[in-house]
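Hello,

Please find the structure below, for your files. My notes on it follow.

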Amino acid sequence: VDNYSVMGFNVDTTSDLSQSELEEVVDLYDVGYPGAGMNYDLLSSNQDNPDDETYVISVDTDDGERYVAAGRINFSYDDMDAQLSDAVVHPDLRGKGLGKILFNLRDNRAKERGNGRVYTWASTENPAVQHIASENDYVPSGVELETVDMQGDKVQNILMVDPDTLTGRSDTLYAPDSVTGVMESFIDGTELGENVDREVSSID
């Protein structure tokens with residue numbers, strides 16, 4: 001993705017960033033989303049991973065470029081599913097529309113590249129993510145998953161899906177081993193699409 005401007009902000013993917021710039025993105029996560037456990041090794045390894053795209057938003061200041069938001073897209077190996085994950089906005093710039101810009105960038109990219117379900121896990125402790133997803137016509141699936149973040153705190157997450165991406169797909173949903181049970185429950189309980197004959201397969 002070429003660097004370009006959105007409402008005065010610069011947008012890149014981490015594949016375009018240098019080591020020092022990646023370290024600045026890690027600093028952003030440390031300040032805005034420490035529970036994500038983001039680190040340099042993870043970001044740098046993802047630079048060469050075609051199934052993981054991380055978008056970063058920066059702003060030009062008198063002291064140089066400052067990274068203010070970031071978020072990932074995790075594609076299944078066959079591009080059948082795309083998860084929007086690990087979104088962070090710097091605390092000083094929340095409430096200014098950056099979260100919405102970040103969500104829209106990743107949502108558009110996921111639908112451009114993928115040919116299947118697009119979803120996100122929205123923490124019940126972060127109603128802003130649920131609100132932005134709802135504004136983009138994502139709906140709660142009724143499936144919740146309790147996880148433990150990197151700080152050891154329990155977090156409740158709601159699976160939110162764009163229902164328009166549930167049709168015209170293969171009969172198999174791919175998911176990590178850790179959530180295949182949750183996805184099977186999603187298929188059994190959802191009324192969002194024609195999922196009755198679909199199966200869940202491990203991506204691990």
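**What was found**

The chain exposes about 10,200 Å², of which carbon and sulfur atoms supply 43%. Please keep in mind that this is a predicted model. Of the 204 residues in the chain, 47% are buried. The chain holds five helices and ten strands.

Helix α1 covers residues 19–32, which is 14 residues. The buried residues of α1 are Leu-22, Val-25, Val-26, Leu-28, Tyr-29 and Gly-32. Viewed down the helix axis, these buried residues fall within an arc of 150°, so they line one face of α1. What do the buried residues of α1 pack against? Their partners are helix α2 (40–46) and the strands β3 (52–61), β4 (64–75) and β5 (81–89).

Helix α3 runs over residues 98–113 and has 16 residues. From its first C-alpha to its last, α3 reaches 23 Å, close to the 22 Å expected at 1.5 Å a residue. Buried in α3 are Leu-98, Ile-101, Leu-102, Phe-103, Leu-105 and Ala-110, together with Arg-106, Asp-107 and Arg-113.

Regards

Conventions
Residues numbered from 1 in each chain as written. Predicted model: local features only at pLDDT ≥ 70, side-chain atom pairs only at ≥ 80, totals over all residues. Heavy atoms only, no water. Helix = DSSP H or I, 4+ residues; strand = E, 2+ residues; numbered from the N terminus. Expected span 1.5 Å × (residues − 1). Buried < 20%, exposed > 50% of the residue type's maximum accessible area, 1.4 Å probe, protein only. Arc of directions from axis to C-beta. Contact = heavy atoms within 4.5 Å. Areas by Shrake-Rupley, 256 points an atom, 1.4 Å probe, with all protein chains shown as cover.
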